[in-house]
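Here is a friendly walk through one protein model. Have the sequence and the 3D view ready, and follow along from one part to the next.

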Amino acid sequence: MSGNVQLLNDTLAATRSEGRAALIAYLPAGFPTVDGGIEAIKAALDGGADVVEVGLPHSDPVLDGPVIQTADDIALRGGVRIADVMRTVREAHEATGKPILVMTYWNPIDRYGVERFTAELAEADGAGCILPDLPVQESALWREHADKHGLATVFVVAPSSKDARLAEITAAGSGFVYAASLMGVTGTRESVGAQAEDLVRRTRATTDTPVCVGLGVSNAAQAAEVARFADGVIVGSAFVKRMLDAPDDAAGLEGVRALAADLAKGVRGQA
């Protein structure tokens with residue numbers, strides 16, 4: 001069974017051909033429940049997201065701020081397992097036909113088994129994995145199995161990354177490059193900052209792979225700002241916050257759908 005890296009590549013090529021950035025939404029599996037998380041992802045895609053990252057909840061999420069940590073804690077207390085993450089990927093893709101990735105720290109994959117994880121992700125029609133804490137120099141085993149199963153390997157670059165390091169990271173990755181807009185954890189912010197534009201410029205100098213920006217984007221105006229210079233706009237905490245702040249599940253889904261629609265206008269320059 002081959003994964004959906006080609007669908008991801010085609011999706012990002014299509015948005016580029018439309019003269020706009022892709023909208024990439026992040027939501028954790030198992031939040032507020034496994035079924036509720038699947039519905040939230042479908043709502044984001046129905047609202048206008050082009051791609052979704054499904055978070056694999058982790059007890060020590062070093063990149064994630066308090067909003068996503070809260071959602072992860074709810075999912076973990078609800079008993080979410082890797083099998084639930086795979087089910088989330090499968091059902092979200094089946095319902096929408098859009099590319100679905102998993103965002104996870106390395107430890108759960110290492111414990112689960114690289115071959116087992118990649119095979120199951122491909123079987124679930126996943127497009128690949130974002131691995132924020134896996135060093136490129138230690139990624140050969142992962143990349144071997146990801147390539148075998150048709151999965152993208154998305155690495156994260158940061159404003160602190162030197163040019164030589166950027167070249168090393170982008171040469172090893174596939175699908176897209178996740179450019180962290182600033183040094184810090186995820187969360188909504190008043191401004192995305194000039195660091196992100198400089199990082200995209202330096203990263204593009206090393207690769208033709210699309211460069212997508214995450215950390216801090218929460219509204220259409222910020223999405224439009226980032227879409228001016230990036231191939232994709234990644235939004236996570238703002239979606240999770242809509243779910244957390246909603247009085248009930250139905251209102252949470254409507255909030256996610258409405259935010260996706262608003263952000264979709266932003267990446268199209270219609271905000």
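## An exposed proline and a covered helix

P66 counts as exposed because its relative accessibility is 61%; here buried means under 20% relative accessible area, exposed over 50%, and partly exposed in between, with a 1.4 Å probe and protein chains only. This is a predicted model, in which local features need pLDDT of at least 70 and side-chain atom pairs count only at pLDDT 80 or more, while totals for chains, interfaces and linings use all residues. Residues are numbered from 1 along each chain as its sequence is written, and side-chain values use heavy atoms, with hydrogens and water left out.

P66 belongs to helix α3 (residues 66-77); helices (H or I, at least four residues) and strands (E, at least two) are DSSP runs, numbered from the N terminus. Between P66 and S237 there are 171 residues in sequence, yet 8.9 Å in space, C-alpha to C-alpha. S237 is one of the buried residues of helix α11 (residues 237-245), a list that also holds A238, F239, V240 and M243. The cover over these buried residues of α11 includes α3, along with β1 (22-28), α2 (34-47), β9 (232-235) and α12 (249-267). Contact means heavy atoms within 4.5 Å.

Two packed helices are described by the angle between their axes and the distance between the axes. Axes are lines fitted to C-alpha atoms, for helices over the stretch in contact, and angles run from 0 to 180 degrees between N-to-C directions. For α2 and helix α4 (residues 82-96), the axes come within 9 Å and cross at roughly 35°. This crossing of α2 and α4 is right-handed; a crossing is left-handed if the near helix is turned anticlockwise from the far one by less than a right angle, and right-handed if clockwise. On the α2 side, V34, D35, I38, I41, K42, L45 and D46 make the contact, and on the α4 side D84, R87, T88, E91, A92, A95 and T96 do. Sorted by class, the α2 contact with α4 has six nonpolar, two polar and six charged residues. Ala, Val, Leu, Ile, Met, Phe, Trp, Tyr, Cys and Pro count as nonpolar, Asp, Glu, Lys and Arg as charged, and the others, Gly among them, as polar.

Now turn to helix α8 (residues 163-172) and helix α9 (residues 194-204), whose axes come within 9 Å and cross at roughly 65°. The crossing of α8 and α9 is right-handed. D163, L166 and T170 of α8 meet L199, R202 and T203 of α9. That contact of α8 with α9 has two nonpolar, two polar and two charged residues.

## An aromatic cluster

How many aromatic pairs does a search of the whole structure find? There are three, where rings of Phe, Tyr and Trp (its six-membered ring) pair if their centres lie within 6.5 Å, and planes under 30 degrees apart count as stacked, over 60 as edge-to-face and the rest as tilted. The W106 and W142 rings have centres 6.2 Å apart and planes at 90°, so this pair is edge-to-face. W106 sits in helix α5 (residues 106-112) and W142 in helix α7 (residues 140-148), 36 residues apart, and the pair links distant parts of the chain. W106 is buried, with a relative accessible area of 17%, and W142 is buried at 1%.

The rings of Y112 and F117 also form an edge-to-face pair, because their centres are 6.2 Å apart and their planes stand at 85°. Both Y112 and F117 are buried. Together, W106, Y112, F117 and W142 form one aromatic cluster. The charged end of R116 sits over the ring of Y112, 3.8 Å from its centre; this label requires NZ of Lys or CZ of Arg within 6 Å of the ring centre and within 35 degrees of the ring normal.

## Buried leucines

L131 has its place in the loop between β4 (128-130) and α7, and it counts as buried at 1% relative accessibility. Leaving aside neighbours within four places in sequence, L131 is in contact with T104, W106, I109, W142, T153, V154 and F155.

L12 lies in helix α1 (residues 5-17) and is buried, with a relative accessible area of 5%. Not counting residues up to four places away in sequence, L12 touches A22, G175, F176 and P210.
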